Amino acid sequence: MRRVTVPLGERSYSILIGSALLPGLGSECAKLKLGRRCAVISDTRVAPKYGKAAVASLKNAGFDPVLIRIPAGETAKRLRVVERCYDQLAKHRLERSSFIVALGGGVVGDLAGFVAATYLRGIDFVQVPTTLLAQVDSSVGGKVGVNLAAGKNLVGSFYQPRLVLCDVDTLRTLPQREFRAGLAEVVKYGIIYDAPFFEKLEANLPRLLDLDKEVLIEVISRCCEIKAEVVSQDEREGGLRAILNFGHTIGHALEATSGYGKYLHGEAISIGQMAAAGLSNWYTGLSGSEVRRVWTIFKKAGLPVTSRVTRPKFRKLVEAMRLDKKVSDGEIKFVLAKRIGEVIPGQKVSELHIARVLNVPGYGSGK
Ligand SMILES: NC(=O)c1ccc[n+]([C@@H]2O[C@H](COP(=O)([O-])OP(=O)(O)OC[C@H]3O[C@@H](n4cnc5c(N)ncnc54)[C@H](O)[C@@H]3O)[C@@H](O)[C@H]2O)c1
């Protein structure tokens, strides 16, 4: 088992990464001296697979857990579902000393974390992420929240968990498409922060796709270390944390304009990272051979690198980019790469160049 610490003063916490960790959930919670009553929030796909093991482990360690199921999928990440969770917490008499376990992917983690941040003005919570995306990204860093009809993640908070427990064995039941989507975030860490890690990924991709435990544990640990380093320097996204958005400007816009559901988040940001790599070639000196390496790794990971963007669709994309909550004063700014392993945020780019890297008809071709 590997342990990564997120150093945030008195809110510091550990991320445990390994195999067969779920049966030890209760004893890890006991070490944190959490109250006896707790709730495991999970979704209707994950609960039947891992709910029993989580609840049994908590009971064995002397806790009194209740299992709360929410619907699976992005549409569950909304206030109505949050309210239903509050009602069940009240029914089970959770108190200030009680805690919540988020057992599932990023949807469950974001929603259960928001419930924990707000119920009784905040109770403890533990993340047990069961998707690759949640293990390398959403469970670490303390962003919790839900969607509104007006857009994704518009209501939320920064609220750190007490512990993150990543059991790589849970990835065995994850649909392959979801696993590959998570790889897009894994590759991102190499591009934004760690060239040797990117090289290792290039070499180990087949073992990763085979769910080789040793490689999974090493890769997930490195991603968590990088996210922990970034978050501990900039917990509330005032500066450095922006680098985590590499590929997300176009990615989010694609998700919003294609109708949520066409692309998984990881697929949209794979296309977004490829476009950002193209822009980096123009603006910040990323070499042509490095752009090709980025293309090759996404292709080998089975991820999309292009999307068909017509002229009307491009207008919608630009509008969506302007509406993104990370935009300030209506100006679209990108995180671009100087080389693999080093990025710079806040780069202004022209619409023409965005159109060219997306191969929009009538704008000339990409470089
Ligand atoms: N808080 C953050 O910092 C942050 C960062 C990135 C993404 N997110 C959020 O994360 C969400 C996406 O997360 P996700 O990709 O994990 O999606 P998800 O939670 O919807 O999970 C994907 C699907 O896989 C199923 N599933 C989960 N674990 C499984 C397992 N082990 N076996 C079988 N099926 C399993 C789920 O039921 C779901 O149907 C989005 O809402 C996004 O906004 C948050």
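At roughly what angle do the axes of helix H9 and H10 cross, and within what distance do they come? In this predicted model, the answer is roughly 135 degrees, with the axes of helix H9 (residues 248–257) and H10 coming within 7 Å.

## Helix H9 against H10

An angle over 145 degrees would count as roughly antiparallel, but the crossing here is roughly 135 degrees, and that makes H9 oblique to H10. The crossing itself is right-handed.

## A closer look at H10

Helix H10 covers residues 265–283. With 19 residues at 1.5 Å a residue, H10 should span 27 Å, and its end C-alpha atoms are 26 Å apart, which agrees.

How many of the 19 residues of H10 are buried? The count is 16, so H10 is largely enclosed by the rest of the structure. After the helix comes Gly285, which has a positive phi, near 85 degrees.

## Helix H6 against H7

Now for another pair. Helix H6 (residues 176–193) packs on helix H7 (residues 195–209) at an angle of about 160 degrees, and their axes are 7 Å apart. Because angles over 145 degrees count as roughly antiparallel, H6 is roughly antiparallel to H7.

On the H6 side, the contact is formed by Phe179, Arg180, Leu183, Val186, Val187, Tyr189, Gly190, Ile191 and Tyr193. These meet Ala195, Phe197, Phe198, Leu201, Leu205, Leu208 and Leu209 of H7. By class, the contact of H6 with H7 has 14 nonpolar, one polar and one charged residues.

## H7 also meets H11

H7 packs with helix H11 (residues 288–300) as well, at an angle of about 10 degrees and with the axes 10 Å apart. That angle makes H7 roughly parallel to H11. This crossing is left-handed.

From H7, the contact takes in Phe198, Glu199, Leu201, Glu202, Leu205 and Leu209. From H11 come Arg293, Val294, Ile297 and Lys300. The residues of this contact divide into six nonpolar, no polar and four charged.

Ala20 sits in the loop between strand S2 (13–18) and helix H1 (25–31). Is Ala20 buried, exposed or partly exposed? With a relative accessibility of 49%, Ala20 counts as partly exposed, since exposed begins over 50%. Leaving aside residues up to four places away in sequence, Ala20 touches Asp167 and Asp169. From Ala20 to Leu208 there are 188 residues in sequence and 18 Å in space, C-alpha to C-alpha.

Lys52 belongs to helix H2 (residues 47–60). Its relative accessible area is 74%, so Lys52 is exposed. Lys52 and Val219 lie 167 residues apart in sequence, with 28 Å between their C-alpha atoms.

Key
Residues numbered from 1 in each chain as written. Predicted model: local features only at pLDDT ≥ 70, side-chain atom pairs only at ≥ 80, totals over all residues. Heavy atoms only, no water. Helix = DSSP H or I, 4+ residues; strand = E, 2+ residues; numbered from the N terminus. Expected span 1.5 Å × (residues − 1). Buried < 20%, exposed > 50% of the residue type's maximum accessible area, 1.4 Å probe, protein only. Axes fitted to C-alpha atoms, helices over the stretch in contact; angles between N-to-C directions. Parallel < 35°, antiparallel > 145°, perpendicular 65-115°, else oblique. Contact = heavy atoms within 4.5 Å. Nonpolar A, V, L, I, M, F, W, Y, C, P; charged D, E, K, R; others polar. Left-handed = near helix turned anticlockwise from the far one by under 90°.
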